[in-house]
Amino acid sequence: MNRQPPIRGRKKRRAAANPLLRVLLAALGVALIVALCALITPLMPQVDPSTMQPAAAPTATPVPTPSPEPTITPTPAIYAPFGAQYGHGGEDLLPETPAPSATPTPTPQPTPSPTSGYTTLRKGSTGAQVARMQQALIDLGYLSGAADGDFGSGTQRAVTQFQAVNGLSADGIAGTKTLTLLYGGDALSADEAPEMDYLMLVNRDNALPADYVPTDLVAIADVIPESVLKVKYRGTEANRVATQALYRMLEDAIEDGVSNWQVSSAYRRYSDQQALVDQSVARYQKNNPSWSRDRCLSATYQTVAPAGTSEHMTGLAFDITVPGVSFTGTEQQKWLHEHCYEYGFVVRFTEEKQAITGFLAESWHIRYVGTEAAQIMTYNDWCLEEYVEKMGL
Ligand SMILES: [Zn+2]
């Protein structure tokens with residue numbers, strides 16, 4: 001309060017000295033402020049409207065891409081090298097959740113060299129690298145004998161088994177992925193392979209004796225309630241473990257909204273199968289009186305398995321159907337084919353494997369093999385015959 005009067009007094013004195021100058025100065029000041037505002041305003045809206053009112057008034061600011069968010073640029077720099085580097089099957093090598101970082105690092109990703117792997121070894125390869133691989137396979141129980149550095153059929157089968165058990169694509173060729181896992185110390189050994197119990201191979205070349213009776217049979221209706229599965233023929237039996245897996249599977253199917261399941265056939269005795277053959281022969285003879293019995297029999301064997309060669313004799317096979325409907329093409333069939341491997345089943349007879357299985361495709365016939373084997377078969381697109389051969393069973 002005490003200091004201000006002198007200042008005012010000074011201004012007053014100058015203003016009073018020249019009133020014209022005072023007006024001029026005021027005008028100049030206003031002009032300066034106007035000019036400054038004109039300079040600043042085009043910069044200001046770039047920040048404010050884009051962040052504050054993009055939804056409210058999109059037409060107000062036609063600024064194309066002034067977004068201050070700098071996260072767009074680094075994204076391709078992170079993903080492209082990985083995709084290009086590891087290609088198919090390399091998803092597991094991706095870094096965990098490459099979340100868009102708040103602080104962008106536009107530096108080129110220092111990815112490990114893709115070529116610094118192992119030399120691919122395959123049937124016919126020889127030398128120290130083959131011997132090293134063989135020793136690792138011997139240590140894990142996949143190969144017996146000596147590591148002689150010669151990649152022959154036995155070694156190929158050992159590599160195939162190692163790959164299958166460890167969830168790799170089982171082609172019998174040891175590339176970087178296979179060898180990295182083999183030498184890494186985390187691989188599963190041969191005794192961790194799927195159990196043999198449910199892998200019994202029964203087909204035209206592998207018949208069961210007439211007196212074969214599987215152990216551990218149960219009446220399906222005693223395990224699975226009718227609300228989940230209708231049993232077409234009273235008293236139909238099957239293997240206990242397989243039936244329990246079937247129950248779990250159908251419960252999940254129903255939870256997915258796919259219901260109305262029926263089992264038309266499961267365990268069959270040798271005599272049951274023989275009866276099916278006889279019925280079919282009689283039908284052919286009736287419809288074709290000129291045919292010989294042999295001709296009727298060979299016609300029958302196109303679709304009906306000779307007694308002893310049907311999987312149904314194992315108690316591990318089920319014919320899954322929908323009451324009163326042709327199964328192929330139903331939503332039940334689609335669900336079954338998509339999910340059955342998760343529960344240890346495989347669709348046993350497909351069109352693609354017809355030449356190997358010796359049976360026409362049967363969309364309804366599933367076979368229990370255990371979850372691990374079912375996964376290996378499904379992943380590698382092997383039928384049971386191929387599985388047994390490649391796994392050296
Ligand atoms: Zn069947």
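Mentor: Axes here are lines fitted to C-alpha atoms, for helices over the stretch in contact, and angles between them run from 0 to 180 degrees between N-to-C directions. Please keep in mind that this is a predicted model.

Trainee: What makes α10 oblique to α11?

Mentor: The two helices pack at an angle of about 120 degrees, with their axes 9 Å apart. Angles of 65 to 115 degrees count as roughly perpendicular and those over 145 as roughly antiparallel, and the angle of α10 and α11 therefore makes the pair oblique. Their crossing is right-handed, and the contact is made by residues including Val277, Val281 and Tyr284 of α10 and Cys296 and Leu297 of α11.

Trainee: Why is Cys296 called partly exposed?

Mentor: Cys296, which is found in helix α11, has 19 other C-beta atoms within 10 Å. A residue is buried at 20 or more and exposed at 12 or fewer, so Cys296 counts as partly exposed. Leaving aside neighbours within four places in sequence, Cys296 is in contact with Val281, Tyr284, Gln285 and Trp291.

Trainee: How do you know which residues of α10 are on the same side?

Mentor: The buried residues of α10 are Gln273, Leu276 and Val281. They cover an arc of only 130 degrees around the axis, which puts them on the same side of α10. On the other side, Ser271, Gln279, Ala282 and Lys286 are exposed, while what covers the buried residues includes α11.

Trainee: What span is expected for α10, residues 270-287?

Mentor: At 1.5 Å a residue, 26 Å is expected for this helix of 18 residues, and α10 reaches 26 Å from its first C-alpha to its last, close to that expectation.

Technical notes: Residues are numbered from 1 along each chain as its sequence is written. This is a predicted model: local features need pLDDT of at least 70, side-chain atom pairs count only at pLDDT 80 or more; totals for chains, interfaces and linings use all residues. Helices (H or I, at least four residues) and strands (E, at least two) are DSSP runs, numbered from the N terminus. The expected span of a helix is 1.5 Å times one less than its number of residues. The arc is that of the directions from the helix axis to the C-beta atoms. Two residues are in contact if their C-beta atoms, placed from the backbone, lie within 7 Å. Angles under 35 degrees count as roughly parallel, over 145 as roughly antiparallel, 65 to 115 as roughly perpendicular and the rest as oblique. A crossing is left-handed if the near helix is turned anticlockwise from the far one by less than a right angle, and right-handed if clockwise.
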